[in-house]
Structure formats: C-alpha cells, structure tokens
Amino acid sequence: MKASKCRWGILSSAHIARKNYQAIYHSNNGCIAAVASRDIQKAQAFIDECQLQSPFSPAPVAVEGYESLIENPNIDAVYIPLPTGLRKEWVIRAARAGKHVMCEKPCGINASELEEMISVCRENNVQFMDGVMFMHSQRLDAIRSVLEDQESVGDIKRITAMFSFCAPEDFLKNNIRMHSGLEPAGCIGDLGWYTIRFSLWAMKYAMPTHVSGRLLNGTGRSDSPDRVPTEFSGELFFENGVSASFYNSFLTENQQFISVSGNKGHLTMEDFVLPYYDSELSFETNKAHFDVNGSQFNMERHIKRHDVKEYSNNHPSAQETQLFRTFADCVINGKIDPHWPDIALQTQVVMDACLESARNGGAEVTLG
C-alpha cells in the first residue's frame with residue numbers, strides 16, 4: 001500500500017532547518033521522524049524548540065551522528081543543510097542507503113562533485129532536489145504567464161538580478177560562510193545560486209554560451225585557508241542575444257531584486273527570494289511611454305501590479321511548504337523527477353564558470 005506521508009530525517013540543527021521543520025509540518029504529506037547532530041543534546045534542544053511552534057506527534061527522536069540517522073529504516077528522505085564542503089559525503093551515503101535527498105545550496109564544491117552526487121542518486125532511484133524555495137511559489141507561474149503573453153514584456157533582451165545582505169561583524173569573523181574549506185564560493189554560493197537560477201529559469205533553462213565574473217571583495221575567517229567572495233558580480237550571455245547580470249554581496253544591505261526587460265516593457269520584483277511579509281505576493285510590469293508635445297517631454301509610467309494569493313512564509317501555502325510538499329509527492333508516488341537534479345547541475349556549472357572567470361581577472365569563459 002502506498003505510504004501517505006514522507007518520513008523525514010534532518011542532518012544537523014542548522015538555523016535554516018528551523019524554518020523547514022515548520023514547512024514539513026504544514027506540508028500535510030510529510031513528518032519528521034528524526035534529527036541528527038554530532039551532539040545528541042543539540043539535536044534534542046533543536047527538536048524541543050521547534051516542537052513549540054510545529055508539534056509533530058510523535059515528536060522526532062534525537063540521534064547522535066549522521067550515520068545513525070541514515071541507517072534508520074523508518075526514514076524515507078533526508079534534508080541536508082550541512083556546509084557545502086561536507087555535503088558530497090552525506091548525499092552519497094544517504095542515496096546508497098536508499099534515502100531521497102533534499103540538499104541545500106550550493107549543492108557541491110564544483111560541478112564534477114555534484115555530477116557524482118546526482119549519478120549516485122540516479123543509480124539508487126532516489127529523488128535529488130536543491131532547496132530553492134522560490135522555484136515552488138505560485139508567483140513564478142504567474143510571472144511565466146506574463147512573460148509569454150507577448151505584450152507585457154515582449155521579447156526578452158536583458159535580465160538583472162541582485163541578492164545581498166549586510167552581514168554583521170560577528171558573521172564576517174565567525175560564520176561558516178567565511179571559511180573557504182566549508183563554503184568556498186562565499187556570497188556567490190550562498191546568494192548567487194538564486195540570482196543565476198532565476199536567469200536560467202527566465203530563459204527556460206537555455207544555457208549561456210559564455211560568462212564573465214568579477215570578485216569585487218573577498219575575505220575570510222582567521223582560520224580560513226583562503227579568502228571567500230564577499231561581493232561578486234557576473235554576466236551571462238545567451239545565443240539569442242539576451243544578456244543577464246547578477247550581483248551578490250555580504251556587504252550591501254538587504255536587496256533581492258529582479259528585472260526582465262523586453263522590447264515592449266519590463267517586469268520587476270523586489271522580493272524574489274524571501275517574499276515580503278504579507279498574505280499575497282506581487283510583481284509589477286511597466287510599459288513606460290515617452291510622450292513629446294512641442295517643448296514638453298514627458299515620460300509616463302504605465303505600471304500594472306500582479307498579485308498572487310499566497311502567504312509569504314510560515315503557512316501551508318508558502319513557498320517553503322510547497323517545496324517540501326512537491327518533494328514528498330515524488331517520494332510517495334515513486335515518480336522520480338529528473339528536472340530537479342538537472343537544473344541544480346546547470347546552476348552549478350554556470351556558477352563554477354563565473355568563479356573561474358573571476359580568478360582570471362574577468363576573462364570570458366565559454367560553456368560547452
């Protein structure tokens with residue numbers, strides 16, 4: 001008989017896992033069976049705190065060590081928010097144990113590493129998916145409809161994406177994202193994964209023919225073997241003449257802006273990763289008109305707001321809930337969807353190429 005719920009295990013008590021604990025709670029087709037940490041007391045404290053807002057019954061069990069959780073026969077899928085430098089080992093171990101894998105981003109140190117991870121998942125018939133929440137929002141479907149109506153934007157010419165936050169001093173000195181052995185891609189891995197992904201999505205996953213990248217700033221913790229990117233910009237160039245730019249930073253205050261410009265108008269959204277707190281999500285299109293009447297030169301705005309009835313977070317309709325609901329459907333129905341590992345690998349390939357360009361002074365890198 002087909003299972004009614006996907007039984008989750010969480011590897012580590014990382015901060016982002018708190019939000020996703022609640023997402024699984026709201027999904028209605030998943031439950032958390034166990035949480036693992038190297039320190040069982042930390043795992044139990046994590047469970048106790050999360051249960052206050054998202055009370056599973058029975059409560060998940062605390063497990064000491066990741067291997068013990070992976071070997072648990074009562075686990076169907078694992079969510080892995082471990083540092084990027086540690087992910088390959090545990091993704092592969094989980095897949096070989098028959099566990100489906102939800103992996104935080106960036107998925108691997110490089111594309112070669114991610115290809116191996118995906119290959120093992122494929123060999124063991126388990127689902128692989130990265131944890132990009134905005135991909136599962138209903139707003140993305142609404143944006144696609146507008147981009148394809150041939151009037152609001154027309155033919156796409158340029159895509160711009162920015163995602164940044166101004167990190168406090170403690171983050172820059174102590175956070176794992178400031179250690180090149182744990183998170184070598186720094187801000188482009190943590191934030192650029194989203195900006196690159198949006199451009200690929202807007203282009204229906206056509207790959208750029210060549211890219212360039214610029215390391216604008218870099219530093220690291222005192223114990224980091226090398227510096228990591230803390231401010232980065234990149235350019236993607238596509239075969240049909242479309243270009244895309246992105247900017248990511250740990251040094252610039254909160255922004256998560258996208259713009260898609262065409263020959264008939266443009267589309268903008270100011271909260272494409274983490275929606276502003278509300279009961280609906282929105283974006284705008286503008287078909288600005290330049291009017292000349294004798295000596296009067298007037299630029300007219302013609303803005304249309306598009307709304308989607310979806311809560312921004314912590315709700316059964318929110319994008320993080322849809323992420324885990326979609327994944328669990330694949331597990332429960334036994335239908336592995338190759339789209340998700342495919343686009344994760346595309347994102348990694350583009351990110352790697354931008355980093356390669358930056359290491360060579362911004363020289364363009366051609367993608368095969």
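A crossing of two helices is left-handed if the near helix is turned anticlockwise from the far one by less than a right angle, and right-handed if clockwise. In this predicted model, local features need pLDDT of at least 70 and side-chain atom pairs count only at pLDDT 80 or more, whereas totals for chains, interfaces and linings use all residues. Residues are numbered from 1 along each chain as its sequence is written, and side-chain values use heavy atoms, with hydrogens and water left out.

The crossing of α9 and α11 is right-handed. Helix α9 covers residues 192-202 and helix α11 residues 339-359; they pack at an angle of about 115°, and their axes lie 10 Å apart. The angle therefore makes α9 roughly perpendicular to α11, a term used for 65 to 115 degrees. On the α9 side, W193, I196, R197 and L200 take part in the contact, and they meet I343, A344, Q346, T347, Q348, V350 and M351 in α11 (contact means heavy atoms within 4.5 Å). By class, this contact of α9 with α11 has 7 nonpolar, 3 polar and 1 charged residues.

The protein chain as a whole has 11 helices and 17 strands; these are DSSP runs, with helices (H or I) of at least four residues and strands (E) of at least two, numbered from the N terminus. The C-alpha trace spans about 75 × 45 × 40 Å along its principal axes. Of the 368 residues, 54% count as buried, meaning under 20% relative accessible area with a 1.4 Å probe, protein chains only.

Key: Axes fitted to C-alpha atoms, helices over the stretch in contact; angles between N-to-C directions. Parallel < 35°, antiparallel > 145°, perpendicular 65-115°, else oblique. Nonpolar A, V, L, I, M, F, W, Y, C, P; charged D, E, K, R; others polar. Buried < 20%, exposed > 50% of the residue type's maximum accessible area, 1.4 Å probe, protein only.
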